[in-house]
Amino acid sequence: MSFPKVGATAFGYEIARQFDINVLKTRPSLVPLRFADSNHAALSGLATETIARCGAQEFRENILFTHRGLSGPAVLQISNYRNPRQAVVFDLLPDTDVRELLETNRDANRKIKNLLSSYLPQRLVNEILPGPASDLSLGNAPVEVLEQVANLFNSWEVKFSDTEGWHKAEVTLGGVDTDELSSKTMESKKVPGLYFIGEVVDVTGWQGGYNFQWAWSRGFACGQSV
Ligand SMILES: Cc1cc2nc3c(=O)[nH]c(=O)nc-3n(C[C@H](O)[C@H](O)[C@H](O)COP(=O)(O)OP(=O)(O)OC[C@H]3O[C@@H](n4cnc5c(N)ncnc54)[C@H](O)[C@@H]3O)c2cc1C
């Protein structure tokens with residue numbers, strides 16, 4: 001289903017259903033995501049290294065702001081694991097304990113935003129920092145504000161409403177149920193002579209060649225059998 005402009009269609013799923021073979025719900029993945037309730041269009045084009053977390057899964061890679069949401073390798077990878085009802089949490093300063101950084105500079109006569117701008121692009125700091133904290137100096141900021149700021153930058157919670165859809169997705173989550181297939185040959189257990197390999201099967205890998213590897217190695221295994 002993903003990337004229809006290169007010729008992808010639902011043909012494989014239709015064949016499976018025609019033979020009463022179970023197909024698990026499909027959805028676009030390795031795909032950019034759209035913000036649910038925030039608009040950071042001003043940051044469009046900006047990239048920064050983060051750790052993206054969702055449940056037990058995390059990826060340390062770049063994120064890229066788009067007009068409507070986020071893309072970049074960290075977001076594509078986490079899209080494979082995203083539960084649509086759950087926020088994705090980004091550590092915008094993966095090597096820095098922001099609470100400690102703010103505390104260490106507590107006496108300095110320096111604004112919070114200026115300190116953070118020496119670690120991150122200023123546009124990003126201005127966009128993420130809550131209004132009241134923006135102009136406070138580190139010396140005057142109440143502890144609760146420092147905690148709030150630290151939390152925002154080390155654990156930026158983002159809710160996404162949707163993905164950018166099939167035309168931007170590199171892979172399809174879901175597909176032909178692996179329980180229906182021989183793991184040695186990929187032949188259907190119900191329909192001798194019918195094989196499913198590659199993307200159409202309910203197997204999805206990370207970015208970085210795992211999906212090609214799956215498609216090619218299953219093609220080889222199937223080829224040995226036919
Ligand atoms: C933009 C993009 C980037 C990607 N980057 C990576 C990456 O870096 N690493 C990675 O591992 N994976 C990547 N993938 C995923 C990877 O391309 C797929 O997982 C892989 O190509 C799946 O191989 P496949 O042979 O199962 O299906 P496909 O490559 O989709 O091949 C299916 C073929 O069947 C043809 N076809 C469709 N219907 C019919 C029909 N009725 N009759 C005859 N032929 C038909 C289609 O035209 C197509 O050529 C990327 C995908 C996209 C879209």
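## Overall form

The model is predicted. The protein contains eight helices and nine strands. Its radius of gyration is 23 Å, well over the 17 Å given by the globule rule for 226 residues, so the protein is more spread out than a compact globule. The C-alpha trace spans about 75 × 25 × 25 Å along the principal axes.

Of contacts between residues at least 6 apart in sequence, 71% join residues at least 24 apart.

## Surface and charge

The accessible surface of the protein is about 11,700 Å², and carbon and sulfur atoms account for 50% of that surface. Of the 226 residues, 44% are buried.

The protein carries 22 positive and 26 negative side chains. The centres of these two sets are 4 Å apart.

## Nonpolar cores

The largest nonpolar core comprises 41 residues. Phe 90, Ile 112, Leu 116 and Phe 153 have the most contacts inside this core. Helix α7, residues 143–154, gives the most to the core, contributing five residues.

Beyond its neighbours within four places in sequence, Leu 116 is in contact with Leu 93, Val 98, Leu 101, Val 125, Leu 129, Val 149 and Phe 153. A second, separate core has 12 residues, including Tyr 13, Met 186, Val 191 and Phe 196.

Lys 111 is located in the loop between α3 (98–104) and α4 (112–116). With a relative accessible area of 34%, Lys 111 is partly exposed, because this value falls between the 20% limit for buried residues and the 50% limit for exposed ones. Not counting residues up to four places away in sequence, Lys 111 touches Asp 135, Leu 136, Ser 137 and Leu 138. Lys 111 and Gln 122 are separated by 11 residues in sequence and by 13 Å in space, C-alpha to C-alpha.

Ser 137, one of the residues touched by Lys 111, is in the loop between α6 (131–134) and α7. Its relative accessible area is 13%, and Ser 137 is therefore buried, the limit being under 20%. When neighbours within four places in sequence are left aside, Ser 137 is in contact with Arg 110, Lys 111 and Ile 112. Ile 112 is also among the residues with the most contacts inside the largest nonpolar core.

## Residues with positive phi

Two residues other than glycine, Asp 20 and Leu 30, have positive phi values. Phi of Asp 20 is near 60°, and that of Leu 30 is about 45°. Asp 20 is found in the loop between α1 (11–18) and β1 (23–29), whereas Leu 30 lies in the loop between β1 and β2 (33–35).

Is each of these residues buried or exposed? Asp 20 has a relative accessibility of 60% and therefore counts as exposed, the limit being over 50%. Leu 30, at 2% relative accessibility, counts as buried.

Notes
Residues numbered from 1 in each chain as written. Predicted model: local features only at pLDDT ≥ 70, side-chain atom pairs only at ≥ 80, totals over all residues. Heavy atoms only, no water. Core = buried A, V, L, I, M, F, W, Y, C linked by side-chain atoms within 4.5 Å. Buried < 20%, exposed > 50% of the residue type's maximum accessible area, 1.4 Å probe, protein only. Helix = DSSP H or I, 4+ residues; strand = E, 2+ residues; numbered from the N terminus. Contact = heavy atoms within 4.5 Å. Rg over C-alpha atoms; globule rule 2.2 N^0.38 Å. Areas by Shrake-Rupley, 256 points an atom, 1.4 Å probe, with all protein chains shown as cover. Lys, Arg positive; Asp, Glu negative; His and termini not counted. Charge placed at Lys NZ, Arg CZ, Asp CG, Glu CD.
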